Amino acid sequence: MNITSLYEYCLSKKGVTEHFPFDEDALVFKVGGKIFALTSLKKWENGNPTLNLKCNPERAEDLRNQYDGIQPGFHMNKKHWNTIAINRDVPNSLVTELIDHSYELVFKSLTVKSQNEFLL
């Protein structure tokens, strides 16, 4: 996976916006004003890309036990967030699935009114 495919995939989801709320390095993807993914552009440039994604706590633990490239979320609530090392032992298909999972968790936390705005 490269930064372009990550960027395009995240933005292809309904209601997703991109932001740089912390600095010019941390690219954040939100739905309904809530973060579902964030990554460091500098880490991509340096060849060590990572991606923070929200995850169901039980699944997060299972994934951390299965893959060296999935760790508790860096600078995030470690119960609900994972940091995924891209292009290591985590298959791209799983990264895509985990992006979907994170998006769905955040989307489902929105009010029904907000959800309906994005579905129209």
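Before you start: a residue is called buried when its relative accessible area is under 20%, exposed when that area is over 50%, and partly exposed in between. Keep in mind that this is a predicted model.

**Exercise 1.** Decide whether F107 and F118 are buried, partly exposed or exposed.

*Solution.* Start with F107: its relative accessible area is 8%. The cut-off for buried is under 20%, so F107 is buried. Next, F118 has a relative accessibility of 21%. Buried ends under 20% and exposed begins over 50%, so F118 counts as partly exposed.

**Exercise 2.** Find how many aromatic pairs there are, and describe the one formed by F107 and F118.

*Solution.* The count comes to five aromatic pairs. In the pair of F107 and F118, the centres are 6.5 Å apart and the planes make an angle of 55 degrees. Stacked needs under 30 degrees and edge-to-face needs over 60, so this pair is tilted. F107 belongs to helix α4 (residues 92-109) and F118 to helix α5 (residues 112-119), eleven residues apart. Now widen the view: ring pairs join Y7, F29, F36, Y103, F107 and F118 into a cluster.

**Exercise 3.** Work out which ring lies under the charged end of K13, and which under that of K43.

*Solution.* Look at K13 to begin with: its charged end sits over the ring of Y103, 5.2 Å from the ring's centre. Then turn to K43, whose charged end sits over the ring of F74, 5.5 Å from the centre of that ring.

How values were computed: Residues are numbered from 1 along each chain as its sequence is written. This is a predicted model: local features need pLDDT of at least 70, side-chain atom pairs count only at pLDDT 80 or more; totals for chains, interfaces and linings use all residues. Side-chain values use heavy atoms; hydrogens and water are left out. Rings of Phe, Tyr and Trp (its six-membered ring) pair if their centres lie within 6.5 Å; planes under 30 degrees apart count as stacked, over 60 as edge-to-face and the rest as tilted. Helices (H or I, at least four residues) and strands (E, at least two) are DSSP runs, numbered from the N terminus. Buried means under 20% relative accessible area, exposed over 50%, partly exposed in between (1.4 Å probe, protein chains only). A charge sits over a ring if NZ of Lys or CZ of Arg is within 6 Å of the ring centre and within 35 degrees of the ring normal.
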